[in-house]
Amino acid sequence: MYLQFPTLLLDRMQVLQPELKERPVVLFHEQEQRVMQTNPAAETVGIQPGYPLSDAWLLADTLGTFRWREARQRHLLQQVATDLYQVFAVISLDPPSGLWLDLAPMQKLYPEPQQNKLQLQQQLAPWELRYQSGVGATPLQAKMIAQSQVSTVADIPIGYLPCPLPLQEKLQRMGLHTLGALQAIPRALAGRRLGKELVVLLARIQGEQRESLHFFRPPVWFYQRLELTAEANSWQALRFPLNRLLQDLEHFLESRQQETRQLLITLYHRDDEPTDITLGFAHGSYVAQELAQFCQLKMENCALEAPVLELSLQARQLQPRHGDHGDLLQGPRQHKKSLPRLLNELQLRLGQQRVWGVQNHADWLPEHAWRKVLAGQPLGQAYVQDRPLWLLPEPRPVQIQHWVLLQGPERFTLPWWSQDGDQICDRDYWKARHRDGQPGWLFYEHQHGCWWQHGWFS
């Protein structure tokens, strides 16, 4: 099966920006100044692909014009193929506006031809794309049937043959207007009169010569870019297009059962350098609504230095998603706000370098036996048995007569190779209770013969 998307880029722009559907809109080739793609409103007033842009302006006073970018359409075609990859195993790209679906590997799953079309319609429905399809025994047959929209291979007009225009005109002057009429001529006679190029083309159409196809592999990370209909001067004007990109990201992550821990939003300006806004999360997320709220928290502290013309969204740090399954009978647990989401919001409000976790660290001295790690990083197992969770910034001297010793001692001794003459070496730690009732952690330091408090128990 071959799929032809004649207005792929423009259709996608209309989905992301629905206001474009209300007026005639075209995509034009910047160098040649001719129309490349049209929306239904432009076709209604008579504008067709290939028209000079000046003629299109004469037909519609309210015409909306955007540059046609082949690289952008190629990337969009890959996104469509990524979505179709969920239901079709073998896909080959034919950029910038077509692709092949190999139906043979899917025959056991979809034995009836109508099932393939049904799966295709369901998968492409959210995209709202106009497309033409054709099924043939070979890739070229499927492509020509899709482009010409005829029912059989023999009915394909000569104008749809993938050969130079002079050869098409020569065939038509000979009275050959369809592929069936051309195939009725003996191959050797056609080669002598029309050249070897036509013989090779007929062999490709019949499948006698193998077609070299570019097989598709889905991307491992998400990237999408959107051109705005008008310059955006505030964050509020960017919210709707960004929400649409986040919905696409959610669909991308949902299909892979993944989540992301970082977003990169790039704002493109007319004259200034692009602005990069990075959002880091302590815990992964994939829900578009939740990600939109995180973006809003970040944008509240960001002022636009120049009007925005284009917007892109990128997510690279992907990881497997860990769901909260809850109880089998009572359903998933309901939380007002989960700890991962709270950490994400704190990082966005305060900054990623201001939200930390505490991790054990192998060291002889308790004050050195921990270190800070960024929130969301694995902390490992915490060894807090018989240790207070609250250590003082520095041990402080105490009067032992104000305390009652409860449990101990526990000797802490530094190894000889790390001892320093000015450093406290031997300590005997005790659990003790202050005369006011608070439990604390004391140690007796032998080098100076005095007592110190190192922490409090809860």
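Helices α4 and α5 are oblique to each other. The model is predicted. Helix α4 covers residues 70–84, and helix α5 covers residues 113–124. Their axes come within 10 Å and cross at roughly 125°. The crossing of α4 and α5 is right-handed.

Now look at the residues that make the contact. From α4 come Val 80, Asp 83 and Leu 84. From α5 come Leu 120, Gln 123 and Leu 124. By class, this contact of α4 with α5 has four nonpolar residues, one polar and one charged.

Across the whole structure, a search finds 16 salt bridges. One of them joins the side chains of Glu 310 and Arg 72, at 2.9 Å from N to O. Arg 72 sits in helix α4, while Glu 310 sits in strand β12, residues 308–315. Glu 310 and Arg 72 are both buried. They also belong to a network of salt bridges. Its members are Arg 69, Arg 72, Arg 225 and Glu 310.

Turn next to Arg 270 and Glu 231. Their side chains meet in a salt bridge of 2.5 Å, N to O. How accessible are the two partners? Arg 270 has a relative accessible area of 57%, so it is exposed. Glu 231 has 37% relative accessibility and therefore counts as partly exposed.

A further bridge runs between two strands. The side chains of Arg 411 and Asp 428 meet at 2.3 Å, N to O. Arg 411 belongs to strand β17 (residues 403–413) and Asp 428 to strand β18 (residues 426–434), so the pair ties together parts 17 residues apart in sequence. Is each partner buried or exposed? Arg 411 is partly exposed, because its relative accessible area is 47%. Asp 428 stands at 10% relative accessibility, so it counts as buried.

Note on methods: Residues are numbered from 1 along each chain as its sequence is written. This is a predicted model: local features need pLDDT of at least 70, side-chain atom pairs count only at pLDDT 80 or more; totals for chains, interfaces and linings use all residues. Side-chain values use heavy atoms; hydrogens and water are left out. Axes are lines fitted to C-alpha atoms, for helices over the stretch in contact, and angles run from 0 to 180 degrees between N-to-C directions. Helices (H or I, at least four residues) and strands (E, at least two) are DSSP runs, numbered from the N terminus. Angles under 35 degrees count as roughly parallel, over 145 as roughly antiparallel, 65 to 115 as roughly perpendicular and the rest as oblique. A crossing is left-handed if the near helix is turned anticlockwise from the far one by less than a right angle, and right-handed if clockwise. Contact means heavy atoms within 4.5 Å. Ala, Val, Leu, Ile, Met, Phe, Trp, Tyr, Cys and Pro count as nonpolar, Asp, Glu, Lys and Arg as charged, and the others, Gly among them, as polar. A salt bridge is a side-chain nitrogen of Lys or Arg within 4 Å of a carboxyl oxygen of Asp or Glu. Buried means under 20% relative accessible area, exposed over 50%, partly exposed in between (1.4 Å probe, protein chains only).
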